[in-house]
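Subject: Structure handover and notes

Dear colleague,

I am passing on the structure we spoke about, together with my notes on it. Please open it beside this message as you read.

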Amino acid sequence: MNEIEQEDNSRKKKRRIIILIVLLLLLLSIGSCAMWQFAQPKADPGATVQTQEGKSDEEIIAELNRQAEESRMTVSVSAKPKLVDGKVRVNVSNVAENKFAQTFTLTQDGIELYSSGLIAPGEVVEWCEAPDAHEGSATVTVQGCDPETGAPSGNPQSVAVDIVAADLSGSQ
């Protein structure tokens, strides 16, 4: 019987080893899956997800073009604003086709000379008070704004301009 008990003990040891190996493999698999899951990049909570299933290429392109057109904004600024007695003729025009209100700032030499209020689509700011302005390069930065709240919307657009002295002998 001694030999039978030894054989039986040997089988039990083999079973325990096999069960232990299976459990270790199972734990390794679970751990690997957990590590893989946590290592995945997290979705941006502000992202908008759109499905394009069932749409043709033409329909997808038309939808993207529509979205781009809705967010498009035309910026119109005088390239050579005229300077007269501390006033600058900037001619910042928020064209009527824009869907956004605008604000703008005039800066020169790193100093903000003027900051506008909201300019609705179809409105023009012809002149602005800028007593520290002088002839030379300047920047007009136009910011689109939500027409209802006035909050900035999108990225501001900067336009390099060259302020020139007005010719008072003729037309301005």
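This is a predicted model: local features need pLDDT of at least 70, side-chain atom pairs count only at pLDDT 80 or more; totals for chains, interfaces and linings use all residues.

Residues are numbered from 1 along each chain as its sequence is written, and side-chain values use heavy atoms, with hydrogens and water left out.

Overall make-up

The protein chain holds two helices and seven strands, where helices (H or I, at least four residues) and strands (E, at least two) are DSSP runs numbered from the N terminus. Read from the N terminus, the order of the elements is α-α-β-β-β-β-β-β-β. Of the 172 residues of the chain, 21% count as buried; buried here means under 20% relative accessible area, exposed means over 50%, and partly exposed lies in between, with a 1.4 Å probe and protein chains only. Contact means heavy atoms within 4.5 Å, and among the contacts with a separation of 6 or more, 60% are between residues 24 or more positions apart.

The helix H1

Helix H1 covers residues 2–39, and its 38 residues should span 56 Å at 1.5 Å a residue, which agrees with the 55 Å between its end C-alpha atoms; the expected span is 1.5 Å times one less than the number of residues. The number of buried residues in H1 is zero, so the helix lies largely in the open.

The sheet

Seven strands form an open sheet in the order S4-S3-S6-S7-S1-S2-S5, with mixed pairing; two strands are taken to pair if DSSP finds at least two bridges between them. Strand S4 (111–115) and strand S5 (124–129) are the edge strands, each pairing on one side only. From one strand to the next the twist averages 35 degrees, with axes taken as lines fitted to C-alpha atoms (for helices over the stretch in contact) and angles running from 0 to 180 degrees between N-to-C directions.

Going through the pairs, S3 and S4 run antiparallel and are joined by four bridges, with glutamine 108 having isoleucine 111 of S4 as its bridge partner. These two strands, S3 and S4, form a hairpin with two residues between them, and aspartate 109 in the turn has a positive phi of about 55 degrees. On its other pairing, S3 meets S6 in the antiparallel sense over seven bridges, and there threonine 107 stands opposite threonine 139 in S6. S6 and S7 are also antiparallel, over seven bridges, with alanine 138 opposite valine 161 in S7.

S1 and S7, by contrast, run parallel and are joined by two bridges. Lysine 82 has valine 164 as its bridge partner in S7 and arginine 89 as its bridge partner in S2. Strand S1 (residues 82–84) and strand S2 (residues 87–93) pair in the antiparallel sense over three bridges.

The core

What does the largest nonpolar core contain? It has 17 residues, and those with the most contacts inside it are Val88, Val90, Phe104, Leu106, Ala133 and Val140; such a core is a set of buried Ala, Val, Leu, Ile, Met, Phe, Trp, Tyr and Cys residues joined through side-chain atoms within 4.5 Å. At least two residues of this core come from each of S2, strand S3 (101–108), S5, strand S6 (136–145) and strand S7 (157–165). Seven of the eight residues of S3 are buried, so this strand is largely enclosed by the rest of the structure. Leaving aside neighbours within four places in sequence, leucine 106 is in contact with residues including Val88, Val90, Leu113, Cys128 and Val140.

Single residues

Most residues other than glycine have a negative phi. Aspartate 85, in the loop between S1 and S2, has a positive phi near 50 degrees and is exposed, with a relative accessible area of 75%. Asparagine 91, in strand S2, likewise has a positive phi near 50 degrees, and counts as partly exposed at 26% relative accessibility.

As for the cysteines, the count of disulfides is zero, a disulfide being a pair of cysteine sulfur atoms within 2.5 Å. Cysteine 33 is exposed at 53% relative accessible area, whereas cysteine 145 is buried at 2%.

With best wishes
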